[in-house]
Amino acid sequence: MKTVFMGTPDFAVFMLDAVIKAGHEVGYVITQPDKARDRGKKIQFTPVKEKALEYGLDVLQPERIRGNEALLKQLKEYAPDCIVVAAYGQILPKELLELPSLGCVNVHASLLPKLRGASPIQNAIVTGETVTGVTIMQMAEGLDTGDILSQSEVEIGRMNGQQLEYALARAGAALLTETLPALEAGTVIPQPQDDRNATYAGLIRKADGKVDFRRSPEEIERLIRGFDPWPGAFCDYDGKVMKLWAAEPEEIRCGEAPGTVVRAGKNGIEISCGGRILRVTEIQMPGKKRVAACDYLRGNQITAGTLLK
């Protein structure tokens with residue numbers, strides 16, 4: 001099958017690998033433009049570009065897709081059977097969606113119609129889902145509204161955001177390997193989504209990691225786990241940003257003000273929240289590495305009654 005691949009982050013690398021290893025031709029790889037890092041001193045390729053160059057594939061990095069007549073002309077000349085999309089980062093216009101003979105298919109990291117949008121992996125954890133998965137859908141003009149071609153479930157368990165992304169990427173690559181030949185053979189039966197069951201996972205910003213200690217210990221623990229590694233859950237401690245990387249909800253009732261440190265020692269930092277206790281077991285202070293809370297407390301004191309905000 002002649003394909004064009006569109007994707008940007010690590011998640012999409014798994015899908016590009018799957019397309020290539022399944023023997024499909026990849027005429028072009030389209031990814032987001034390179035970005036400067038370290039205050040503009042060094043240009044960083046996207047993960048998909050790095051992988052595409054390893055394979056010797058032609059890489060395109062347009063600033064914009066919509067209204068890009070030169071790109072559209074280039075793709076028309078190649079005449080792909082299918083465009084495979086995974087976490088590309090831009091909405092595709094109708095002209096591009098209708099270009100391939102088999103349409104554009106998207107690998108989305110949720111069980112659609114749940115968690116449409118930009119951050120389904122983190123939000124699956126934060127909102128308390130126990131099972132999520134991947135969906136391969138026929139792309140339409142709406143936001144993740146296209147017909148479902150195939151799905152695969154993944155149990156979340158105690159995974160954090162990074163671990164769940166890896167599990168979903170592996171599941172998505174396997175599912176894509178199965179779905180593309182079926183799409184080419186015409187044996188896939190598209191299933192419309194039930195919009196009544198749709199939920200949304202909007203773009204996450206750094207500020208969303210701020211912990212609200214009025215929430216329940218379970219909600220905060222899920223926030224900590226879901227936002228690992230980015231943007232990270234954090235609070236203010238003595239005028240400094242303390243990142244919280246691991247925690248355990250406790251059933252112990254607590255009448256202290258939300259955010260009050262009840263005790264801190266070998267078991268971690270116990271904090272009042274939602275009328276109960278959250279025991280934080282891994283933290284990070286500015287300019288320092290992530291460490292077990294008990295290790296931090298060996299050389300630093302956090303006294304009972306300290307208010308975290």
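Good morning. The second largest pocket of this protein chain holds about 170 Å³ of space. A pocket, on a 1 Å grid over the protein atoms alone, is an open set of points where a 1.4 Å probe fits, with protein on both sides within 12 Å along at least five of seven lines, and its lining residues have an atom within 4 Å of a point. Grid points are joined across faces, edges and corners, and a volume is the space filled by probe spheres set on the points.

Before I continue, a word on the source. The model is predicted, so that local features need pLDDT of at least 70 and side-chain atom pairs count only at pLDDT 80 or more, while totals for chains, interfaces and linings use all residues. Residues are numbered from 1 along each chain as its sequence is written, and side-chain values use heavy atoms, with hydrogens and water left out.

Which residues line the second largest pocket? They are Val-126, Asp-208, Lys-210, Val-211, Asp-212, Arg-215, Glu-219, Ile-220, Arg-222 and Leu-223. By class, four are nonpolar, none is polar and six are charged. Here Ala, Val, Leu, Ile, Met, Phe, Trp, Tyr, Cys and Pro count as nonpolar, Asp, Glu, Lys and Arg as charged, and the others, Gly among them, as polar. Helix H7, residues 217-226, gives the most to this lining, with four residues. Helices (H or I, at least four residues) and strands (E, at least two) are DSSP runs, numbered from the N terminus.

Let us stay with H7. Seven of its 10 residues are buried, so H7 is largely enclosed by the rest of the structure. Buried means under 20% relative accessible area, exposed over 50%, and partly exposed in between, with a 1.4 Å probe and protein chains only. The buried residues of H7 are Pro-217, Ile-220, Glu-221, Leu-223, Ile-224, Arg-225 and Gly-226. They pack against H5, H6, strand E12 (233-237), strand E13 (240-253), E15 and E16. Contact, here and below, means heavy atoms within 4.5 Å.

That brings us to E15, residues 268-273. Six of the six residues of this strand are buried, so E15 is largely enclosed by the rest of the structure. Strand E14 (residues 261-265) pairs with E15 in the antiparallel sense over four bridges; two strands pair if DSSP finds at least two bridges between them. Arg-263 stands opposite Glu-270 in E15, and a hairpin through two residues joins E14 to E15. E15 also pairs in the antiparallel sense with strand E16 (residues 276-284), over five bridges. Val-280 in E16 is the bridge partner of Ile-269. In the hairpin of E15 and E16, with two residues between the strands, Gly-274 takes a positive phi near 60 degrees.

I turn now to another sheet. Seven strands form an open sheet with mixed pairing, in the order E5-E2-E1-E6-E7-E9-E10. Its edge strands are E5 (59-60) and E10 (148-155), each of which pairs on one side only. Helix H3 (residues 69-78) packs on the sheet, touching E1 (2-7), E2 (25-30) and E5, and its direction makes about 175 degrees with that of E2. Such axes are lines fitted to C-alpha atoms, for helices over the stretch in contact, and angles run from 0 to 180 degrees between N-to-C directions.

Gly-27 lies in E2 and is buried, with a relative accessible area of 15%. Leaving aside neighbours within four places in sequence, Gly-27 is in contact with Thr-3, Asp-58 and Tyr-78. Thr-132 lies in E9 and is buried, with a relative accessible area of 3%. Not counting residues up to four places away in sequence, the residues that Thr-132 touches include Ala-109, Ser-152, Leu-164 and Leu-168.

What is the volume of the largest pocket? It is about 1,700 Å³. Of the 48 residues that line the largest pocket, the closest to its centre are Pro-9, Ala-87, Tyr-88, Gly-89 and Ala-118. Helix H1 (10-21), strand E7 (104-108), helix H5 (120-126) and helix H6 (161-185) each give two or more residues to this lining.

Finally, the whole chain. Its secondary structure comes to eight helices and 17 strands, and buried residues make up 49% of its 309 residues. The C-alpha trace spans about 70 × 45 × 30 Å along its principal axes. Thank you.
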